Structures are given as C-alpha cells and as structure tokens.
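The notes after the lead sentences are grouped by topic.

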Amino acid sequence: MTTITITKSSNDTYKSIECLGHAGFADYGNDIVCSAISVLTINLINSIDKLTDDKISVDQDEEQGLIRLSFEGNPSKEADILLQSYELGIDSISRQYGKKFLNIKFRRE
C-alpha cells in the first residue's frame, strides 16, 4: 500500500507531501496504481520546480518507495494551485482503486 501524507500548517498552508510505499496492485513493472501515483508526485515536484520560484527540498528512496517534498517557507499561489490539483488526482486514484492500495492522510503542524 502507498501512503501519502499531506502536511499543512494550522492556517491551511501546505508544508510537505510524503509518498511512501508501493501500491501492490500488481507485480513490479505492471503496477498501474503505483505508476499513476508516481507520475502525479514527480510531475508535482517538477512543476513546482520549473513553474514557480518556490524553494523546495526533495528526498527520495526508490527501494522504500519514498518521495518527500518539503517547502522552505510558504508556497506561492501557483504552487498552491498545483498542490490542490495533486490532491484531486490522488483522491481520484484512491476512489477508483480503493483504500487497499492508496491511503491518504492529512496532518497539521
């Protein structure tokens, strides 16, 4: 199962996104759920990097299935829209394939 943890501050500002684990929908290389999650997550990171002036840090560990995006400061309006779009995408995957493969958690800091 993949667990995505979205961390926001008390004023609803995004702080970080952590994607951990492999979905387990199918064998490695054929797992469309894991692929979809990865594409959305990597596209989010690339989009924030290329389309905004936000300062971010990214950690990853392919073996664990870890990708973590953290903001250095508050996200811009552009980054906020990209993050909201990411939430829509992962929520859609979760609804289509079930919580057995994707668990989305929200955390406040």
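**Briefing**

G29 has its place in the loop between β2 and α1. This glycine counts as exposed because its relative accessibility is 67%, over the 50% cut-off. The model is a predicted one. In it, the C-alpha atoms of G29 and N103 are separated by 21 Å, and the two residues are 74 residues apart along the chain.

**Overall build**

- The protein contains two helices and five strands.
- In sequence order these elements follow the pattern β-β-α-β-β-α-β.
- The C-alpha trace spans about 40 × 25 × 20 Å along the principal axes of the protein.
- The radius of gyration is 13 Å, which agrees with the value near 13 Å that a compact globule of 109 residues would have.
- Among contacts between residues at least 6 apart in sequence, 58% join residues at least 24 apart.

**Surface and charge**

- Of the 109 residues, 40% count as buried.
- The protein exposes about 6700 Å², and carbon and sulfur atoms supply 48% of that area.
- There are 12 positive and 17 negative side chains in the protein.
- The centres of these two sets of side chains lie 7 Å apart.

**The largest nonpolar core**

- The largest nonpolar core has 23 residues, and those touching the most other members are I4, I17, I48, L69 and L83.
- At least two residues of this core come from each of β1 (2-8), β2 (14-20), α1 (32-51), β4 (66-71) and α2 (77-97).
- Helix α1 supplies the largest share of this core, six residues.
- Leaving out residues up to four places away in sequence, L83 touches Y14, I17, L44, I48, L69, F71 and P75.

- Not counting residues up to four places away in sequence, S16 touches T5, I6, T7, L69 and S70.
- S47 belongs to helix α1 and is buried, with a relative accessible area of 14%.
- Apart from its neighbours within four places in sequence, S47 is in contact with T52 and L82.
- S70 lies in strand β4.
- The contacts of S70, leaving aside neighbours within four places in sequence, are with K15, S16, K55, I56 and S57.
- S70 and I17 are 53 residues apart along the chain, and their C-alpha atoms are separated by 6.6 Å.

- D12 is found in the loop between β1 and β2.
- Most residues other than glycine have a negative phi.
- D12 is not a glycine, yet has a positive phi of about 70°.
- At 42% relative accessibility, D12 counts as partly exposed.
- D59 lies in strand β3, which covers residues 56-61.
- With a relative accessible area of 36%, D59 is partly exposed.
- Leaving aside neighbours within four places in sequence, D59 is in contact with L66, I67 and R68.
- D59 and E18 are 41 residues apart along the chain, and 9.2 Å separates their C-alpha atoms.

**The loop glycine G73**

- G73 has its place in the loop between β4 and α2.
- This glycine is partly exposed, with a relative accessible area of 35%.
- A separation of 28 Å lies between the C-alpha atoms of G73 and L102, which are 29 residues apart along the chain.

Methods:
Residues numbered from 1 in each chain as written. Predicted model: local features only at pLDDT ≥ 70, side-chain atom pairs only at ≥ 80, totals over all residues. Heavy atoms only, no water. Helix = DSSP H or I, 4+ residues; strand = E, 2+ residues; numbered from the N terminus. Rg over C-alpha atoms; globule rule 2.2 N^0.38 Å. Buried < 20%, exposed > 50% of the residue type's maximum accessible area, 1.4 Å probe, protein only. Contact = heavy atoms within 4.5 Å. Areas by Shrake-Rupley, 256 points an atom, 1.4 Å probe, with all protein chains shown as cover. Lys, Arg positive; Asp, Glu negative; His and termini not counted. Charge placed at Lys NZ, Arg CZ, Asp CG, Glu CD. Core = buried A, V, L, I, M, F, W, Y, C linked by side-chain atoms within 4.5 Å.
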